[in-house]
Amino acid sequence: MSYCIGIDLGGTNIAAGIVDLKEKRIVRKSRIKTRAPRPCEEISEDIFELCKKLVSFEGMSLKDMQWIGIATPGIVKDGKVIYANNLGWQNAEFVKIMHEKTGLPVIIANDANTAAYAEAIWGVGAESRTLVAVTLGTGVGGGIVIDGRIWEGMNGFAAELGHITLDSEGRICSCGKRGCFEAYCSATALVSEARRVMHLYPSSVMWDMCGRDASKMNGYIPFKAYEQGDEAATEVIGDFIKYLAIGISNIINILQPDVLCIGGGISAEGELLMAPLRKQIERISFGVKEGRTKVAAAKFLNDAGIIGAALLGKQEEITKVKEYIKTIIDNFDIDGVVIESHPYGNGHINDTRYILVKNGGEDKEYILQKINKNVFKSPPALMENYTGVTKFLRDKIIKAGGDPDRETLNVIKTKAGENYYLDENGDYWRLILFVKDSKSYDLVERPEQFYDSAVAFGNFQYLLRDYPAETLNEIIPNFHNTPDRLRLFKEAVAADVCARRSEVEAEIAFVLEREEFAQTLERAHREGRLPLKVTHNDTKLNNILFDKYTDAPLCVIDLDTIMPGYSVNDFGDSIRFGATTALEDEVDLSKVNFDINLFELYVKGFIEGAKGGLSEGELEMLPIGAIMMTYECGTRFLTDYLQGDTYFRTSRKNHNLDRARNQFKLVRDMEANLPKMHEIVKKYSHN
Ligand code: ADP
Ligand code: GN1
Ligand code: MG
């Protein structure tokens with residue numbers, strides 16, 4: 001059961017949504033008028049009715065919901081709304097009343113805090129420890145999230161960031177004080193400043209933009225006019241950004257959060273606002289180049305309230321998981337205490353977490369992974385390969401004078417001397433060193449990056465050329481045996497366990513039309529034209545780490561599937577994921593195109609990296625490898641879709657289907673480009 005309800009209670013409207021926590025989406029939402037001020041009991045009754053209606057529309061009942069989370073205006077403490085001016089509430093027992101009506105766990109939080117929580121858990125702060133959100137709306141709201149929990153302060157008044165003072169003799173604020181952040185940086189303040197300044201500039205384009213009627217001014221017009229170079233707007237926006245930078249720098253100087261998120265309608269201005277803002281913040285806040293707070297626009301606009309409210313119930317769960325992770329780490333042979341852990345990366349298979357351990361004054365970073373038992377039937381056999389290969393690489397890297405802690409993965413042993421830990425639930429965990437100052441990419445950002453990754457993967461294969469292949473366990477039999485994948489696909493189509501077949505007849509036909517093609521590499525192998533080598537078998541771009549600062553390629557990771565395989569498949573898997581103009585799960589297929597220039601760069605890099613290790617036959621079959629891996633991966637996504645999404649991690653409805661369609665679009669593109677691909681490979685094969 002992965003559903004819960006999120007309520008966004010506002011002074012004007014009450015919005016409610018059923019949220020699917022697994023697929024990370026709002027399943028259905030609805031809205032009624034608040035008609036405030038009214039007593040808590042009355043408004044609660046309306047919310048209760050709204051919730052009942054909402055679930056019945058989806059053919060469910062309240063019992064199917066895990067909890068109800070509510071974002072409310074006002075000051076919140078211990079389940080009570082201490083004070084909410086626009087609702088007319090004082091010391092309202094909101095949680096108690098709602099719980100009595102619904103029988104469900106009810107969690108409430110202040111609305112700005114809730115919006116911050118949405119960003120901290122699913123939004124721009126999803127992989128960070130601390131997030132501060134500043135919401136620029138009618139007022140300036142604030143929210144602070146630390147270690148997966150909202151920081152309310154000892155009395156519930158924390159994070160009222162709109163009322164930090166920027167100028168004690170400045171503009172009057174709605175709270176009665178002078179010079180509050182809110183009096184300079186709310187949308188309201190922006191609009192009234194634009195009106196004031198506009199009157200000093202009769203020729204400003206803002207006049208036309210608001211139909212010569214100053215009362216029609218809104219928060220977007222000054223930005224639009226600023227973009228056009230309008231003098232009055234430049235003055236207004238200049239001041240706005242100046243004060244925003246001061247307010248934010250004050251917050252950064254106190255907390256140094258990982259992420260400072262800017263929300264509210266104005267955040268929709270994107271880089272027009274963010275670029276100059278970041279520059280000024282860098283100038284006036286404390287910090288060093290390598291470790292600055294990330295200042296980012298919010299991910300959720302209108303739905304932040306519902307989503308954040310729904311996520312409130314996760315606070316307890318997140319705390320529990322963090323505690324459990326500490327007990328897992330205790331079993332590994334390291335010193336110090338875990339001070340931070342959170343989900344990390346975009347892998348589709350394992351549960352990957354970032355771990356920060358403090359030992360005295362020293363910080364150490366690790367990656368903890370729960371090995372996917374559904375995918376890997378024998379984690380101990382897998383870990384035998386994993387440690388064998390990493391030791392082998394470590395020795396070679398040391399001999400070559402490299403940095404073995406950053407150029408390969410390093411497995412930390414358990415206190416019992418094992419290379420994995422088996423917990424009481426039967427789950428297998430491994431701890432590896434976090435490659436310091438590294439990051440991975442899901443899409444090529446600079447073409448050279450793709451070339452670098454090609455050299456790295458080519459070289460990886462070269463380094464393993466003398467690895468004793470006979471000592472490797474076969475982790476997933478027939479992993480890249482495309483005809484066998486086709487067999488499993490046909491079984492899934494015939495079984496059609498989720499009754500999804502009829503929606504995907506076109507995709508099924510696409511796969512079957514290429515049944516003959518699917519045999520190509522296996523046939524070449526049988527005929528002695530394609531040798532088995534020690535290969536990586538999962539060579540997508542996000543399985544390489546780059547230096548966070550210099551962007552130099554560092555380390556090939558995700559060594560779970562190292563097995564005997566075909567070099568052309570390692571080549572091909574990189575192409576399917578990287579030589580494209582869109583992410584692997586992009587839904588808009590007009591954005592998904594095979595990029596022949598990236599293909600060329602990869603060919604060049606891979607051949608160089610392999611240092612002459614590729615035979616004539618292998619070189620010739622590189623383009624086929626690219627089409628084969630794309631076709632095979634698309635087929636695997638479609639198989640998983642038909643089987644009910646049990647293999648690849650999904651985070652939305654139809655995720656696997658979207659991925660399959662995306663891959664098939666690339667297959668078509670590559671097929672059309674096959675002669676050109678062959679030419680390119682020829683060009684680099686003779687060097
Ligand atoms: P999966 O099999 O689920 O893809 P990976 O082993 O590839 O799991 O890990 C998922 C992500 O975690 C990677 O794409 C990478 O971003 C990050 N990651 C994994 N190992 C490390 C490491 N040692 N140091 C830094 N980041 C890592
Ligand atoms: C999986 O583990 P990850 O996310 O790096 C999968 C690959 C697929 C890939 C598709 C063990 O890779 O085979 O090509 O997703 N890994 C396994 O993105 O099945
Ligand atoms: Mg991976």
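## Helices α14 and α18

In this predicted model, helix α14 (residues 447-463) meets helix α18 (residues 567-578), with axes that come within 11 Å and cross at roughly 160 degrees. That angle makes α14 roughly antiparallel to α18, because anything over 145 degrees falls into that class. As for handedness, the crossing of α14 and α18 is right-handed.

Which residues of α14 and α18 make the contact? On the α14 side they are F450, F457 and Q461, while α18 brings in S567, D570, S574, I575 and G578. Sorted by class, the contact of α14 with α18 has three nonpolar, four polar and one charged residues.

## Helices α16 and α21

The crossing of α16 and α21 is left-handed, whereas that of α14 and α18 is right-handed.

Here the touching residues are E507, I508 and V511 from α16, and Y631, T635 and L638 from α21. The class tally for the contact of α16 with α21 comes to four nonpolar, one polar and one charged.

## Salt bridges

Now for the charged pairs. Side chains of opposite charge can pair when their charged atoms come close. How many salt bridges does the structure hold? The count is 50.

Start with R38 and D46: they form a salt bridge whose closest N and O atoms are 2.7 Å apart. Is R38 buried or exposed? R38 counts as buried because its relative accessibility is 12%, and the cut-off for buried is under 20%.

Next up is E49 with K52, a salt bridge with its closest N and O atoms 3.3 Å apart. Both residues sit in helix α1 (residues 40-57), three residues apart, which is about one turn of the helix. E49 is partly exposed, with a relative accessible area of 38%, and K52 also counts as partly exposed, at 33% relative accessibility.

R129 and D147 give a salt bridge that reaches across the chain. Their side chains meet at 3.0 Å, N to O. The pair links distant parts of the chain, 18 residues apart: R129 is in the loop between α3 (111-121) and β9 (130-136), and D147 is in the loop between β10 (140-146) and β11 (149-150). Both ends are partly exposed, R129 at 29% relative accessibility and D147 with a relative accessible area of 23%. Elsewhere, salt bridges with shared partners tie D351, K370, K373, D427 and R649 into one network.

## A buried threonine

T414 is found in the loop between β17 (411-412) and β18 (421-422). Why does T414 count as buried? Because its relative accessibility is 5%, and under 20% is what buried takes.

What is T414 in contact with, leaving aside its neighbours within four places in sequence? The list is N331, F332, D333, Y420 and Y421.

The peptide bond from A36 to P37 is cis, with omega near -5 degrees. P37 is in the loop between β3 (25-33) and α1, and α1 is also the helix that holds E49 and K52.

Then there are the positive phi values. Q256 is not a glycine, yet its phi is positive at about 45 degrees. Q256 sits in the loop between α8 (231-255) and β12 (259-263), where it counts as partly exposed at 36% relative accessibility. N478 is not a glycine either, and its phi is positive too, at about 55 degrees. N478 lies in the loop between α14 and α15 (482-495), and with a relative accessible area of 35% it is partly exposed.

Note on methods. Residues are numbered from 1 along each chain as its sequence is written. Chains are lettered from A and ligands numbered from 1 in the order in which they are written. This is a predicted model: local features need pLDDT of at least 70, side-chain atom pairs count only at pLDDT 80 or more; totals for chains, interfaces and linings use all residues. Side-chain values use heavy atoms; hydrogens and water are left out. A salt bridge is a side-chain nitrogen of Lys or Arg within 4 Å of a carboxyl oxygen of Asp or Glu. Buried means under 20% relative accessible area, exposed over 50%, partly exposed in between (1.4 Å probe, protein chains only). Helices (H or I, at least four residues) and strands (E, at least two) are DSSP runs, numbered from the N terminus. A crossing is left-handed if the near helix is turned anticlockwise from the far one by less than a right angle, and right-handed if clockwise. Contact means heavy atoms within 4.5 Å. Ala, Val, Leu, Ile, Met, Phe, Trp, Tyr, Cys and Pro count as nonpolar, Asp, Glu, Lys and Arg as charged, and the others, Gly among them, as polar. Axes are lines fitted to C-alpha atoms, for helices over the stretch in contact, and angles run from 0 to 180 degrees between N-to-C directions. Angles under 35 degrees count as roughly parallel, over 145 as roughly antiparallel, 65 to 115 as roughly perpendicular and the rest as oblique.
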